[in-house]
Amino acid sequence: MFTRLTDRRARLAAALNLTDEILLIGAGTPVPLPENTDQTYPFRAHAEFFYVAGVECPGAIATFDPQDGPRDGWKLFVPEVTEGEHVWEAREQVAGEPLAGLPAWITERRVRPIAGLGAPLPGVRTDEALTAKVREVFSHARRPKDDLELSAMRQAANATAAGYAKAAAIIAPGVTERAVQIELEAEFFRHGATRTGYGTIVGTGPNSAVLHFEPTARAAQAGEFVLIDAGAEVGRYVIDVTRTYVAGLPSAFQRDLYQVVLAAQEAAVACCVVGAEWRDVHLQCAVDMTAGLVSLGLMHGNAESLVEQEAHLLFFPHGIGHLVGLGVRDASGTLPGRPRSTRASLKNLRMDFPLAAGYVVTVEPGLYFIPALLTDPKRREKFRDCVVWEKVEPHLALGGVRIEDNVLVTSGAPEVLTAAIPKALQPCSSPIGETRGHDAGGQSGPHHRTAAEKRTPVSNAQSVRPLTPQAGPHADPHDRQ
Ligand SMILES: [Mn+2]
């Protein structure tokens, strides 16, 4: 693997543009459980290490000396696998220089400043200012995904699509969050996942408004939202998808709310082109969704002005998305040299830079009824003229809608890596003969669809009545730079 990544490291070396400085990148070591047993948390090498080394190797350190050249200047120092590790874990010796040789390697270069990336390097005297500067350039250099990375992400996207197909097929009144999680994750693994990319989120009813909800034994009731945010991982590369379903039949209000989020999400996906500033994509999406809330009678006034007043944060309290790939929040942050925004609606943004070809971003707008925000007396007072509070009140237990895809920025149109996962809102109820011992009410009548039909996304004309008026037209991102 270390040789396979020679081109990647050479590109990185060119970006870092070091001369006299040397670079050390620590993989990290397994973290024992607090009980002090012989158990550890699952080992994950630091992403900066994995990016250059391509292996999970506890205790390893990658080094780079620019004076030895952009290809030959890289070395991998690895600990010797012990007999115990062989016996208990079947751990294999990773090829590289013996770790015992590292102190001599450093001593030969002792007058030169050291940048220390990855996991902390005990006993190594690193230059902190240099480290911060190198880390910023390193993060920026690894934002565009190379072919190896994209290949892993496409495999993860396939496994994720399989999981969602299975989950969608079992969502019905009575299904528990746990049952959805089990089927979804099992299908990820059946289709090549090596892990789940992060803790699977499944929230039914009011739980769908909890941004990071861990699934419980709660069963979806007829007419409740079921929000799933989950993704498969393949070889450290993660996909991060959200879909929102309704168990049984959606109400007119649920369809309208869903349609507002869907229209805004699709418009934002179309904005993922080279040069688009992420903060502009975010703010435009906030305006689109706020316009939708005004059209639904939940908010008052002009959408742009409501967003300037940060009133949208009541219903859309998070950022539009982040880089994804080597980890669920990959190499986010700001453009080198750009300070972090302090504006309320931008400080939640995990990244603030223009998009470039090869970036993979999540696009994940959502609208939620979060009681902690919407029943807060201070917010009710501050936004008394912005929100039609009596129209919000009946929906406080409704939950929320989020729709999330992973989008590859290219020199042309954006490519949605997760396009195989249907987005049209459709009634979810078990086909006759496949009910699982619970009352799958609300499944008879013209809305009932067979298993075969359920695998085909229905067109918007069939499944969702159009929202009137539509969210405002979306500006061409090139006009907003
Ligand atoms: Mn997500």
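**Exercise 1. How many helices and strands are there in the protein?**

Solution. Start with the kind of model: this one is predicted. Next, count the elements. The protein has 16 helices and 19 strands. Then look at burial. Of its 481 residues, 44% count as buried. Residues 24 or more positions apart account for 72% of them.

**Exercise 2. Find the largest nonpolar core and say where it lies.**

Solution. Step one is the size: the largest nonpolar core has 127 residues. Step two is to pick out the residues with the most contacts inside it. They are Ala156, Ile171, Val261 and Cys272. Step three is the location. Domain 1 (6-141) and domain 2 (147-480) both give residues to this core, so it lies between them. Leave out residues up to four places away in sequence. Val261 then touches Met289, Pro365, Gly366, Leu367, Val401 and Ile403.

**Exercise 3. Describe how helix H6 and helix H7 cross.**

Solution. Two packed helices are described by the angle between their axes and the distance between the axes. Take both values here. H6 covers residues 147-170 and H7 covers residues 177-190. Their axes come within 7 Å and cross at roughly 150 degrees. Angles over 145 degrees count as roughly antiparallel, so H6 is roughly antiparallel to H7. Now the hand: H6 passes H7 in a right-handed crossing. Finally, name some residues that meet. From H6 they include Ala159, Gly163, Ala167 and Ile170. On the H7 side, Val180, Leu184 and Phe188 are among them.

**Exercise 4. Where does Ala331 lie, and how many C-beta neighbours does it have inside 10 Å?**

Solution. Ala331 is in the loop between helix H10 (303-308) and strand E12 (333-334). Check phi: it is positive, about 40 degrees, although Ala331 is not a glycine. Then count. Ala331 has 22 C-beta neighbours inside 10 Å, so it counts as buried.

Methods:
Residues are numbered from 1 along each chain as its sequence is written. This is a predicted model: local features need pLDDT of at least 70, side-chain atom pairs count only at pLDDT 80 or more; totals for chains, interfaces and linings use all residues. A nonpolar core is a set of buried Ala, Val, Leu, Ile, Met, Phe, Trp, Tyr and Cys residues joined through C-beta atoms within 7 Å. A residue is buried if 20 or more other C-beta atoms lie within 10 Å of its own, exposed if 12 or fewer, and partly exposed in between; C-beta atoms are placed from the backbone. Domain bounds come from an automatic or database domain assignment. Two residues are in contact if their C-beta atoms, placed from the backbone, lie within 7 Å. Helices (H or I, at least four residues) and strands (E, at least two) are DSSP runs, numbered from the N terminus. Axes are lines fitted to C-alpha atoms, for helices over the stretch in contact, and angles run from 0 to 180 degrees between N-to-C directions. Angles under 35 degrees count as roughly parallel, over 145 as roughly antiparallel, 65 to 115 as roughly perpendicular and the rest as oblique. A crossing is left-handed if the near helix is turned anticlockwise from the far one by less than a right angle, and right-handed if clockwise.
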